[in-house]
Amino acid sequence: MAEQRTSIHGQWTNRTVFILAATGSAVGLGNIWKFPYITGENGGGTFVLVYLLCIALIGIPIMMAEIMLGRRGKQSPINTMIALAKEERRSPGWVWLGWMGVVAGFLILSYYSVIAGWAMSYVFRTGGGMFLGVTADGVNSIFTDLVSDPERLLAWHTLFMVMTMMVVSRGVKNGIERAVTFLMPLLFGLLIVIVIYAMTTGYFMEGVQFLFTPGSIDGKGVLIAMGHAFFTLSLGMGAIMVYGSYLSKDHSIVQAAIWIALADTVVALLAGLAIFPIVFANGLEPGAGPGLIFQTLPIAFGHMQGGTLVGVVFFTLLVFAAWTSAISLIEPAVAYLVENKGLTRIYASVLIGVFTWFVGLGTVFSFNIWKDKTFSIPYMFDNFTFFDTLDYLTANIMLPLGGLFIAIFAAWVMRQQSTRDELATYPFIYMVWRVLVRFITPLAVIVVFLNAIGAIKI
Ligand code: TRP
């Protein structure tokens, strides 16, 4: 059955294009903006270790499962879940998994776009020479100026949403294929340039130690590390599933998943190696929060040879990385509207874009006029702003839950014959995968959840 389905949205030209697009989705603000600041907030070494374990034991197996579901279903996650559940003669109720993904996707995009807006504004700040010879206090006040101005944030957020809608409305495949091919390697190269600068600060080893020396971590920290493994690999909400639906049958899912996870992890670690030496060299606070890269990297650009150019190119590439991620966040929703409501891609994109833009206002205001409007949820968090709340609920609750049920569906609901059809090019790896998604991955997610609310102690 699965073999006869084709996607009405088209297919990737070849496997490399799929890997590039999925890497484009995975590598984004999560790696360069979020990973360093949450590592800083959660004390470094142990957090990084837990994160790496989660990538290997939870992330990679779930990525294989998600690509597989998408490739068999060949539709938006909502319809894929309906089709696969039917094919396996199971309850159509599995459709909620697709719906949760759609909701998580646009909630994430609503704040992702605001942060991408910060990166855009930094292209111009760097280009204008604002950081030449700057001090740590100087960068700090430049950052505070930006985020305390709702109008400016709103303008950048709007621009980024328009850019995202433009690509999504034209179809994911036209455009990003080419962009990703040369932009990703360039981003990688520039990160290395900044790491080399970080080596000259005299504090490189402090940075390395912070990242890799185990310390202490609490249950919440472990949950945040796991949530980030999902976030950074774009897992748990159907983004990778929908990309998988454009993949043809004769490509190896196993290899693709490993490549994507590897590239993503290397970029995150490089970002950490670039940022923490600068933090320590300038007496900054590793736990400074969401502004961390905007309060550290400009110091490097203001002091290194040719820093203005490096800085402009770097922030431009960061915007591109965010762009190729953002489009994957609403592709599931757009694909669904095209399939079920007969909308054109353009109309569907605009509709969802406007809605997402509107929710994004909450994040824009979280940093200024709503700074003191906070939320608390028992056992989860206290006094979080709108932005913190959205981020926590999506990354640490919705994505792991989505991933948990994707694993359960792939390992317990689908017949073994169905998954073997898709993944068994390497029998040994298939066996390992099956043990992981059947037992280890679901158990790990559940234990981390229970541990975070204090129900058990590990
Ligand atoms: N992975 C991207 C990043 O690290 C963000 C992202 C894109 C994402 N698509 C996603 C996160 C789907 C969760 C789910 O920046």
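This is a predicted model: local features need pLDDT of at least 70, side-chain atom pairs count only at pLDDT 80 or more; totals for chains, interfaces and linings use all residues.
1. Where does Thr385 lie? Thr385 sits in the loop between strand S2 (381-384) and helix H16. Its relative accessibility is 12%, so Thr385 counts as buried, the cut-off being under 20%. Thr363 is 22 residues away in sequence, yet the two C-alpha atoms are 8.4 Å apart in space.

2. Thr363 also leads us to a pair of helices. The axes of helix H15 (residues 345-366) and H16 come within 7 Å, crossing at roughly 125°, which makes H15 oblique to H16. On the H15 side the contact is made by Val359, Gly362, Thr363 and Ser366, and on the H16 side by Phe386, Phe387 and Leu390. Sorted by class, this contact has 4 nonpolar, 3 polar and no charged residues.

3. Next, have a look at helix H18 (residues 427-452). With 26 residues at 1.5 Å each, H18 should span 38 Å, and its end C-alpha atoms are 36 Å apart, which agrees. H18 does have a kink of about 45°, centred on Val437.

4. Val437 is also one of the buried residues of H18, which include Tyr430, Trp433, Arg434 and Phe449. What do the buried residues of H18 pack against? Their partners are helix H3 (45-73), helix H10 (219-232), helix H16 (386-413) and helix H17 (416-423).

5. One last stop: Gly454 follows H18 and has a positive phi, near 80°.

Technical notes:
Residues are numbered from 1 along each chain as its sequence is written. Side-chain values use heavy atoms; hydrogens and water are left out. Helices (H or I, at least four residues) and strands (E, at least two) are DSSP runs, numbered from the N terminus. The expected span of a helix is 1.5 Å times one less than its number of residues. The bend at a residue is the angle between axes fitted to the seven residues ending there and the seven starting there. Buried means under 20% relative accessible area, exposed over 50%, partly exposed in between (1.4 Å probe, protein chains only). Contact means heavy atoms within 4.5 Å. Axes are lines fitted to C-alpha atoms, for helices over the stretch in contact, and angles run from 0 to 180 degrees between N-to-C directions. Angles under 35 degrees count as roughly parallel, over 145 as roughly antiparallel, 65 to 115 as roughly perpendicular and the rest as oblique. Ala, Val, Leu, Ile, Met, Phe, Trp, Tyr, Cys and Pro count as nonpolar, Asp, Glu, Lys and Arg as charged, and the others, Gly among them, as polar.
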